Amino acid sequence: MTAASKTIAIPFTRRRMKLPALLLLVLILAAASLVAMSIGAVPIPLGKIISVGLSEQQAAVLSSIRLPRVLLAIVVGAALAVSGAAMQGLFRNPLADPGLIGIATSAALAVAIVIVLAGPVTGYVGLYGMSVAAFIGALASCFAIFRLAKVTGSFSGTYMLLTGIAINALSAAGVGFLTFLSDDQQLRSLTFWTMGSLGGALWISVVVVTSIVVPAGIIMIRNARELNVLLLGENEARYLGVDAERLKRRIVICTALSVGAAISVSGIIGFVGLVVPHLIRLTLGPDHRLLMPASALLGAILLLAADTAARTIVAPAEMPVGVLTSLIGGPFFLWLLVRQYSGRPGL
Amino acid sequence: MIEAENIVYSIGGERILANIYATFQPGKITAILGPNGAGKSTLLKCLTGALTPDNGSVFLDGKNLWDYSLDALSRMRAVLSQSAPVNFPFTAHEIVTMGRNPYSFDKTDAWNSEIADDALALVDAWHLRDRSFPTLSGGEQQRVQFARVIAQIWERDEAYLFLDEPTSALDLKHQHHLLDLVQRLCREKRLTVVIVMHDLNLAYHCTDNCYFIKEGWIRGGGASRELINKDVISEIFDLAPEYAAMRFGGELSE
């Protein structure tokens, strides 16, 4: 019929950008890691890291303080960004973010309960216990949002954000109540969780978080194509052979695991999950097969940069990195809202 | 062939569909017609398995719909729903390529991408290929979604095609273009086409058979050319006979 109007196939540029884009992000991440390792109270020149010509003190600082912190920033940043991307796909809404819709706060509430009621936690058992608690908190709020969305059949941005505000408020009230109950030491830990910081980075936390985040992230990225199809709608996905219920369950569990693990070691670090996938979508398109791995890399880069800034700009003191990301992420989110809602009244 | 046997569906005690018996023949286009809220889309969703009826069964080629796997169904049946908003800036070509999801393992990406291109050209949307889907107009989105649906059953003969108001946002030219295309595909590939529509003139001219439903009951079924006339219309749509004649008199057989 009109097949004549079809001319030479236009090269599918986004797909062609896939490998170079990912490579570029890997390179930037490597460079950022080196810089982050060299900056700090004890300066460690870049050249010495590369040539392995460090003094004993420098080596000790590097291996027991900076390296775990850098790795933790990378893993937590990647976990938050991939979870954000997956959650936005799951809710079919580009404004979903673990922090905004109350998932992070619920996880923090669960962690707060552990801190105040179970006392100080240390070692692998304590860290995994905290991760499990955060996971359960995250899962519970995901589930609540889903149920509430299902009651009205509405996955609209407004409805979901309002639900999120309510869940956020409830969880924050819970955290507030626990703060009221807690003693001095507990209070300090609680403040740390709610503001978000990578200051407590230890090798053990790196091991625990990585062991949870990497498998969950791989599962999410492996479901990227199906997540694309889910964006057409749940019925549409089913018509196209995707078991939407199973996919949703899988994504919810993986995001709750990742976010829970990240929060259990770093506290609430907001907006990474929202900002990063957005930046990737703007430049590389919404295809989850590229979006998720690219988000993981960019999330790692951004959190690493933010953490390095947080521990240097007010040196020798340290700023909670969660405060910094919110300071940058808040205005970005407002800009996004204005951009998305302007001229589209019915959204 | 699709056979619906005694389909009953209700929401919160309110009966939407009552004892529906219907058959849909391969190589024929069957329209489901009726006033707003009659249960047309609900019936379509029961036939596709998106809704589970309270009672009754749907058979595809004599086999119960529920005995098919999602994967098997996705290779033999495509559904165009009434509205499928997409909030993410996928290109039209990416949307159509998603129609090839059932074949993402047994066909190459290049092959699936080429079929998406052919499908876009077929619905006169080739020029929209690299446009962002959410920025397209309603009619353009509808054509792209239709391209996705035909890409899904591209190589398959005797497939099933369900269309829920496929022309609701289209201009006159594209309404005819799309229905011509449906007719052609239906004949060439012996598709079983079930189509929910409102435009009775189009239904009269472009469909083979039709069912009229009203308040959840089937009020009549048969060849479209015989069944769609102003008496039936005035009864089904509660329209005074002179209005029915005014709207449809010139087009329909007496």
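**Two chains, a few helix pairs**

Okay, let's start with a helix pair: α4(A) and α12(A) are roughly antiparallel to each other. For the wording, angles under 35 degrees count as roughly parallel, over 145 as roughly antiparallel, 65 to 115 as roughly perpendicular and the rest as oblique. Before I go on, this is a predicted model, where local features need pLDDT of at least 70, side-chain atom pairs count only at pLDDT 80 or more, and totals for chains, interfaces and linings use all residues. Residues are numbered from 1 along each chain as its sequence is written, while chains are lettered from A and ligands numbered from 1 in the order in which they are written.

Back to our pair. Helix α4 covers residues 56-90 of chain A and α12 covers residues 244-266, and they pack at about 150° with axes 9 Å apart. Axes here are lines fitted to C-alpha atoms, for helices over the stretch in contact, and angles run from 0 to 180 degrees between N-to-C directions. Helices are DSSP runs (H or I, at least four residues), as are strands (E, at least two), numbered from the N terminus. The crossing of α4(A) and α12(A) is left-handed, meaning the near helix is turned anticlockwise from the far one by less than a right angle; clockwise would be right-handed.

Who touches whom? Among the residues that meet are Leu72(A), Val76(A) and Leu90(A) from α4(A), and Lys248(A), Ile251(A) and Val265(A) from α12(A). Contact means C-beta atoms, placed from the backbone, within 7 Å. By class, this α4(A)–α12(A) contact has 15 nonpolar, 4 polar and 1 charged residues. Nonpolar is Ala, Val, Leu, Ile, Met, Phe, Trp, Tyr, Cys and Pro; charged is Asp, Glu, Lys and Arg; the others, Gly among them, are polar.

Now a second pair: α5 (residues 103-118) and α8 (residues 184-195) of chain A, packed at about 165° with axes 10 Å apart. That crossing is right-handed. On the α5(A) side you'll find Val111(A) and Ile115(A), among others, and on the α8(A) side Leu190(A) and Trp193(A) are included. This contact of α5(A) with α8(A) has 7 nonpolar, 3 polar and no charged residues.

Zooming out, how many helices and strands does chain A have? Chain A has 15 helices and 0 strands. Of its 347 residues, 50% are buried, where buried takes 20 or more other C-beta atoms within 10 Å of the residue's own, exposed 12 or fewer, and partly exposed is in between, with C-beta atoms placed from the backbone. An unreviewed UniProt entry lists transmembrane regions in chain A, including residues 70-87 and 290-309. UniProt positions follow the numbering used here, feature names are shortened, and annotations may be inferred rather than shown by experiment. Residues 70-87 of chain A are 100% helix, with end C-alpha atoms 25 Å apart.

On to chain B. UniProt, again in an unreviewed entry, lists residues 2-240 of chain B as "domain: ABC transporter"; that span is 37% helix and 26% strand.

The two chains meet through 28 residues from chain B and 28 residues from chain A. On the chain B side, α2, β6, α3 and α4 each give two or more residues.

Most residues other than glycine have a negative phi. Asn6(B), though, has a positive phi of about 55°. Asn6(B) sits in strand β1 and counts as exposed, because it has 12 C-beta neighbours inside 10 Å.
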